[in-house]
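Q: Could we go through this model together? I would like to start with how the chain is divided.

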Amino acid sequence: MTLIREAAAPATTTVSVLGTPRLLAGVVEGGRVDLAHHRALHGDLVLRRRTWLSGALHDVNLLGRGGAAFPVAAKLDAMPLGRVNIVVNGSEGEPASRKDRVLMTCAPHLVIDGAVVAAHALGARDVTIVIHDAAAHESVRLAALERSDVAGMRIVRTHDGFVGGEIRSVINGLNGAAAIPGGRRTLPHVRGVGGAPSFASNVETFAHLALVALLGVDGYARTGSTAEPGTSLLTLIGDVATPGVVEVPNGVPLGMLFAGQPDAPVLIGGYHGTWVRGVAGLVVERASLRAAGSPLGAGVIARPYAGTCVLDEVVRVSRWLASESSGQCGPCFFGLPALSDDMAALAVGAGTDRLASLTRRVNLVRGRGACAHPDGSVQFISSAVRTLGDELETHARHGSCGRPASTVLPLPAGGS
Ligand code: SF4
């Protein structure tokens, strides 16, 4: 276990590994891995042809790690021939997530290797790595200076904000426009940076891509589950066994990440995620979690402490989610504040009428935005209402539950 000091806050992030480290090899023992150490741990960079890479990514079922869990092989196959570029998204807009900045701060060469592998396979000359966190930016910048294979690579500091980290926002920002999602859902592989098709994914996805190229299918699949080989980085928050960023083999039971409180509410997938009651039967596997109605998203899992009021936490985050609308779509701009007002009223004892109003509004907002923000926010709020029925009943009867507010879910400075 090692402690990573963050640049943006005095807090520290604890880093740990369950099983054999892959992404975090060398990190837990010694912190940041420089180029010589990286090569000693992983061997020389292995470049693969496009057809090999596509087949291997398909065989190991690599799914994107930014939240949508899109199959990376399909994304690669969708890229046209010709002038294309690579975008490595390290903007990590989810306020609760720390995994991307830990990866970039501690294992920057794995991320760069992945970008170089993708660029080689696609014949791309331009690579852009987009980073928000200052320490992560400095680490990747220094890593690039150590290497001779990064001509055409630029490392860009990006904007803060939840929807600002969404890939279409990032590309708009790189193209000189406001870093918000466009009104139309044009995907990066159709029109990306500079108008050319972009192969764009999260930083952790690129690190896995490097490992697939290095290890081959059999080597990569030596850990993880049959359905989803390999490992995942999670950010664990609150009443969990090891708070901080942890690398786990895919397929491990979620119950291994907690101790006691088997029926406590747990948030899976971050602020666009899902509240569930307990985690029995759930495993760290994107397809099975999605099938269970609680997608892993960007890998944030949080459990408030026993004896605290989770509703207060839900209200606080709902208000912040409403404030993050980019103001382009009415159902999002007007609907999310109204939903957070409904949630706040329920937390101070409003009864069934307000619950009916919230349910009506959920149906008006869902599926009506130009990006995933309203749907994700609705998922956070409606799953809380579903999961916290007992708490809502207590609040409706007494106006509160008398417990201190839970404060495990972080918000950016200035968030309510
Ligand atoms: S859905 Fe909301 S956040 Fe997304 S583009 Fe529209 S207004 Fe902006």
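A: The domain assignment, automatic or from a database, gives domain 1 (19-220), domain 2 (231-303) and domain 3 (310-398). This is a predicted model: local features need pLDDT of at least 70 and side-chain atom pairs count only at pLDDT 80 or more, while totals for chains, interfaces and linings use all residues. Residues are numbered from 1 along each chain as its sequence is written.

Q: How many residues does the contact take from domain 1 and from domain 2?
A: The contact takes 18 residues from domain 1 and 18 residues from domain 2, counting residues as in contact if their C-beta atoms, placed from the backbone, lie within 7 Å.

Q: Which helix gives the most to the side of domain 1 that touches domain 2?
A: Helix H5 (residues 99-106) does, with three residues; helices are DSSP runs (H or I, at least four residues), numbered from the N terminus.

Q: Now the ligand. Where does it lie?
A: Domain 1 and domain 3 both give residues to the shell around the ligand, so the ligand lies between them.

Q: Which residues are closest to the ligand?
A: Of the 15 residues that surround the ligand, the closest are Ser 326, Cys 329, Cys 332, Gly 369 and Cys 371; a residue is near if its C-beta atom, placed from the backbone, lies within 6 Å. Helices H12 (330-347) and H14 (373-387) each supply at least two residues of this shell.

Q: And H9, where does that helix bend?
A: H9 bends by about 80° at Leu 214, the angle between axes fitted to the seven residues ending there and the seven starting there. The end C-alpha atoms of H9 (residues 203-220) are only 18 Å apart, short of the 26 Å that a straight helix would reach, taken as 1.5 Å times one less than its number of residues.

How values were computed: Two residues are in contact if their C-beta atoms, placed from the backbone, lie within 7 Å.
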